[in-house]
Amino acid sequence: GVLCIGHDITDHESRDRVRISTAMWRDRVIAGTDVRDDVFESVFHIGWEISREGREGYPVGTAFLIGDSQNVLARSKQLILNPFEGHRSEDRMITNTGLKENIKELAQLDGAFVVSDEGTVLSACRYIDAPSGGVSLPLGLGSRHMAAASITKLTNAVAVVVSESSIVRIFDNGEIVSEI
């Protein structure tokens, strides 16, 4: 559960589904980037669902890098054949709810997702190769978090990182800017 004193952070989309609102801090995270609001919202909520549900009863951790995708791709490499390569752009839109289950399946594999500013999923299973100099994280966070912090410090991307301990952290400019 999440406790937020002073603000209700839930949006009640329907009777059976509760969504966490990013309205209080989203604009601060994506300010200075070309990342669209709906793209950030979609990535965040997929990450939040992965943190709550895992996959087939097991906890899952993953990372999403949003924006400045050409620089992110230049500072990373593919771990397996890219499952998104060769598919039509409209079929790879993170805002397309039909893509969500595919994302959740691929989240079980190592590596990060790279998502463009406009919401096109460009790659999955990406190894991030960014120097970690000048990045300081709390003890206990692993390589997924360090990679996300490092690449967001080096590029104009933002990151949504799902920990296997069911915590979602948002990174911008090499720092954790939100933790849910």
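**Notes on the predicted model**

1. The structure holds one aromatic pair. Its partners are F64 and F113, and the rings are stacked, with 4.8 Å from centre to centre and 15 degrees between the planes. The two come from distant parts of the chain: F64 belongs to strand β3 (residues 62-66) and F113 to strand β5 (residues 112-115), 49 residues apart. Keep in mind that this is a predicted model.

2. Now the overall layout. You are looking at five helices and nine strands, and the order along the sequence is β-β-α-α-β-α-β-α-β-β-α-β-β-β. Of the 180 residues in the protein, 48% are buried. Take the contacts between residues at least 6 apart in sequence: 57% of them join residues at least 24 apart.

3. On to charges. Side chains of opposite charge can pair when their charged atoms come close.

4. Start with E49 and K104, whose side chains meet in a salt bridge at 2.7 Å, N to O. E49 sits in helix α2 (residues 37-53) and K104 in helix α4, so this pair ties together parts that are 55 residues apart in sequence. What about exposure? E49 is buried, with a relative accessible area of 8%, and K104 counts as buried because its relative accessibility is 4%.

5. K104 also has a salt bridge with E53, where the closest N and O atoms are 3.0 Å apart. Here again distant parts of the chain are linked, with K104 in helix α4 and E53 in helix α2, 51 residues apart. E53 counts as partly exposed, because its relative accessibility is 39%.

6. Which residue pairs with R55 in a salt bridge? The partner is E101, and the closest N and O atoms are 3.1 Å apart. R55 lies in the loop between α2 and β3, while E101 is in helix α4, so to speak a link between distant parts of the chain, 46 residues apart. R55 is buried at 15% relative accessible area, whereas E101 is partly exposed at 42%.

7. When you look at K104 in the viewer, find both E49 and E53.

8. R52 lies over the face of W48, at 4.4 Å from the ring centre.

9. Finally, the surface. The protein exposes about 9,300 Å², and carbon and sulfur atoms supply 47% of that. Which residues form a nonpolar patch on the surface? They are L79, I80, L109 and Y127, with about 350 Å² of accessible area together. One of them, I80, lies in the loop between β4 (76-78) and α4 (100-106). I80 counts as partly exposed because its relative accessibility is 42%.

How values were computed. Residues are numbered from 1 along each chain as its sequence is written. This is a predicted model: local features need pLDDT of at least 70, side-chain atom pairs count only at pLDDT 80 or more; totals for chains, interfaces and linings use all residues. Side-chain values use heavy atoms; hydrogens and water are left out. Rings of Phe, Tyr and Trp (its six-membered ring) pair if their centres lie within 6.5 Å; planes under 30 degrees apart count as stacked, over 60 as edge-to-face and the rest as tilted. Helices (H or I, at least four residues) and strands (E, at least two) are DSSP runs, numbered from the N terminus. A charge sits over a ring if NZ of Lys or CZ of Arg is within 6 Å of the ring centre and within 35 degrees of the ring normal. Buried means under 20% relative accessible area, exposed over 50%, partly exposed in between (1.4 Å probe, protein chains only). Contact means heavy atoms within 4.5 Å. Accessible areas come from the Shrake-Rupley method with a 1.4 Å probe; for residues, only the protein chains shown count as cover. Patches are made of residues with over 30% relative accessible area and no salt bridge: like charges are joined within 9 Å, nonpolar side chains (Val, Leu, Ile, Met, Phe, Trp, Tyr) within 5 Å. A salt bridge is a side-chain nitrogen of Lys or Arg within 4 Å of a carboxyl oxygen of Asp or Glu.
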